[in-house]
Amino acid sequence: MCTSILYNAGDHYFGRNLDLEISFGQEVVVTPRDYQFDFRQIPALSHHYAIIGMALVKDNYPLYFDGANEEGLGMAGLNFDGPAHYFPVEEGKDNVSPFEFIPYVLGQCKNVNEAKELMKNMSLVNINFSDQLQLSPLHWLIADRSGKSIVVESTESGLHVYDNPVNVLTNNPEFPEHMTNLANYQSVSPAEPANQLAPNVDLGTYSRGLGSHMLPGGMDSESRFVKEVFTLQHAPSGKSELENVTNYFHCLHAVEQQDGLDEVAPGQFEYTIYSDSINLSTGSYYYTTYQNNQINAVQMRHVNLNSQDLALFPLQTEQVLHFQN
């Protein structure tokens with residue numbers, strides 16, 4: 001399970017929590033402009049926009065979980081088990097496997113509108129990376145530095161692209177159902193509530209924060225969607241990159257999953273393996289891991305972007321303590 005957001009505060013910060021019970025050996029990967037992306041059913045991209053993001057590199061191919069390109073378009077794939085459906089190859093369509101989807105879009109598109117245009121004739125097809133690496137059931141959040149985002153879902157009824165006015169995505173159910181469910185929480189507020197129950201009775205309050213009393217707090221995807229929409233909508237805007245990056249991670253960490261609380265199999269617990277953020281204007285990539293909540297950074301523009309070779313940055317997973325005496 002996962003949560004992805006676009007935080008608009010001066011610049012635009014895109015990223016996600018990756019919530020799973022196992023790690024895949026992922027690392028920060030910069031794909032330069034001249035690395036060749038080979039696709040199974042469509043022509044290769046031998047020259048494209050540079051990409052930075054979190055990926056598992058297999059056979060020198062970056063399998064991106066999420067990332068952004070040098071033009072400021074970001075994309076993240078989140079678990080969508082159940083509704084997700086991939087199709088057989090169809091003649092006349094742009095047949096793209098889901099493991100190719102992120103580089104296919106980020107390699108060619110500058111913004112959300114260009115991504116929408118690229119997907120008009122696209123079909124997400126059921127082609128695995130290998131026998132050992134099967135496709136994951138996913139849907140995607142795509143965002144750009146205009147502050148807009150869209151959701152892409154491939155279900156049995158076809159490929160659907162939805163404008164996303166709240167800039168949040170979690171997992172099931174399908175995106176329109178998430179938006180409908182938000183109506184149940186319209187009264188949630190950072191402010192203290194007015195006494196509408198018994199206006200003529202002096203009801204003393206026992207706590208601060210009662211305006212958010214009905215806000216859900218479970219690990220499930222629908223609860224995380226509601227809580228993250230509330231958190232993001234009321235997040236402050238900082239006056240510097242440091243303030244905004246700090247605010248961004250507070251937003252994501254509001255719905256992080258702690259180990260031991262979400263049992264997905266006997267003795268196995270899902271937890272937030274990493275949280276990341278990409279400044280869509282500068283290409284700076286920030287991340288924390290479950291073991292190390294210091295914010296680490298990789299700068300895309302400090303890498304040779306005209307190379308043909310991937311640049312790999314292993315995750316810093318050892319906690320750093322700052323001793324003051």
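**Ground rules.** I number residues from 1 along each chain as its sequence is written, and I leave out hydrogens and water, using heavy atoms for side-chain values. Since the model is predicted, I ask for pLDDT of at least 70 for local features and 80 or more for side-chain atom pairs, while totals for chains, interfaces and linings use all residues.

I looked up the largest pocket and got a volume of about 720 Å³. Of its 29 lining residues, Phe24, Phe65, Gln134, Ser136 and Leu138 are the closest to its centre. My pocket is an open set of points on a 1 Å grid over the protein atoms alone, where a 1.4 Å probe fits, with protein on both sides within 12 Å along at least five of seven lines; lining residues have an atom within 4 Å of a point. Volume is the space filled by probe spheres set on the points, which are joined across faces, edges and corners.

Which element gives the largest share of that lining? Helix 1 does, with five residues. Strand 2 (11-20), strand 5 (61-69), strand 6 (73-79), helix 1 (98-106) and strand 9 (138-144) each supply at least two. I take helices (H or I, at least four residues) and strands (E, at least two) as DSSP runs, numbered from the N terminus. By type, the lining splits into 22 nonpolar, four polar and three charged residues. Here Ala, Val, Leu, Ile, Met, Phe, Trp, Tyr, Cys and Pro are nonpolar, Asp, Glu, Lys and Arg charged, and the others, Gly among them, polar.

The second largest pocket holds about 470 Å³. Its lining has 18 residues, with Pro193, Ala194, Asn195, Gln196 and Leu210 nearest the centre. I noted nine nonpolar, eight polar and one charged in that lining.

Leaving aside residues up to four places away in sequence, Phe101 touches (heavy atoms within 4.5 Å) Met75, Val96, Met119, Met122, Leu124, Trp140 and Val152.

Buried residues (under 20% relative accessible area; exposed is over 50%, partly exposed in between, 1.4 Å probe, protein chains only) of helix 5 include Tyr248, Phe249 and Leu252. Its buried residues pack against strand 1 (2-9), strand 2, helix 4 (221-233), strand 15 (271-279) and strand 16 (284-289). Those of helix 4 pack against partners including strand 12 (168-169), helix 3 (175-181) and helix 5.

**Thr155.** Buried or exposed? Thr155 is buried, at 4% relative accessible area. I find Thr155 in strand 10 (residues 149-155), and its contacts include Phe80, His85 and Glu174.

Most residues other than glycine have a negative phi, and most peptide bonds are trans. I logged a cis bond from Asn172 to Pro173, omega near 0°; Pro173 is in the loop between strand 12 and helix 3. Asp59 has a positive phi near 55° and is exposed at 67% relative accessibility. Asn60 also has a positive phi, about 65°, in the loop between strand 4 and strand 5.
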